[in-house]
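Biologist: Please show me the model, and let us then discuss how its features are assigned.

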Amino acid sequence: MDEQRVADNVAKVRRVCESWATLTREEWQELMAPDVDYRNIPIEGDHHVGPDAVFEVLSRFSRSWHVALRVDTIVGDERAVLTERTEHFEHRAGSKPTFDLPVMGAFELKDGKITAWRDYFDLAQLRLR
């Protein structure tokens, strides 16, 4: 096993999980393969391809929400990284309740880039609307 590749993969995914709310378009392009496949599994039809599409969907959250991100558990190998994390949302205008969203994420990597990202969470806990 290539220990450096494992460490690099885990570090990349940790960066995404702890910073997705503030990453720039250019940072997404550095971290992800051009054809990255991103999905929020419990949301029907929530499927995005490419780092620009990922940036477009995730950057919208920061406009209305203060987002604090915490990785609770992370483990990986040369091709995949799994995360358990907590995403804390506080509405900027204060008109919606603050909430925590526990999320399980599965990331696939190749040649130092994230090629697939799937998030799993309880849709009943998502209170963005």
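Predicted model: local features only at pLDDT ≥ 70, side-chain atom pairs only at ≥ 80, totals over all residues.

Modeller: Residues are numbered from 1 along each chain as its sequence is written, and side-chain values use heavy atoms, with hydrogens and water left out.

Biologist: What makes the contact of Arg14 and Glu18 a salt bridge?

Modeller: A salt bridge requires a side-chain nitrogen of Lys or Arg within 4 Å of a carboxyl oxygen of Asp or Glu. For Arg14 and Glu18 the N to O distance is 3.2 Å, so the pair qualifies. Both belong to helix H1 (residues 3-19), where being four residues apart separates them by about one helical turn. Helices (H or I, at least four residues) and strands (E, at least two) are DSSP runs, numbered from the N terminus.

Biologist: Why is Arg14 called partly exposed?

Modeller: Buried means under 20% relative accessible area and exposed over 50%, with partly exposed in between (1.4 Å probe, protein chains only). Arg14 has 31% and therefore falls in the middle class. Glu18, at 38%, is likewise partly exposed.

Biologist: Which salt bridge does Glu27 form?

Modeller: Glu27 pairs with Arg15, their closest N and O atoms being 2.9 Å apart. Glu27 lies in helix H2 (residues 25-31) and Arg15 in H1, so the pair ties together parts that are twelve residues apart in sequence.

Biologist: What links Asp52 to Arg25?

Modeller: A salt bridge does, with closest N and O atoms 3.3 Å apart. This pair joins distant parts of the chain, since Asp52 is in helix H3 (residues 51-64) and Arg25 in H2, 27 residues apart. Arg25, Asp52 and Glu56 form a network of salt bridges. The structure holds nine salt bridges.

Biologist: Why do strands S2 (47-49) and S3 (65-76) count as edges?

Modeller: Two strands pair if DSSP finds at least two bridges between them. The open, mixed sheet has the order S2-S1-S6-S5-S4-S3. S2 and S3 each have a single partner strand, so one side of each lacks a neighbour in the sheet.

Biologist: How do you know that S3 pairs with strand S4 (residues 80-91)?

Modeller: Eleven bridges join S3 and S4 in the antiparallel sense, and the requirement is at least two, so the two strands are paired. Within S4, His91 is the bridge partner of Trp65.
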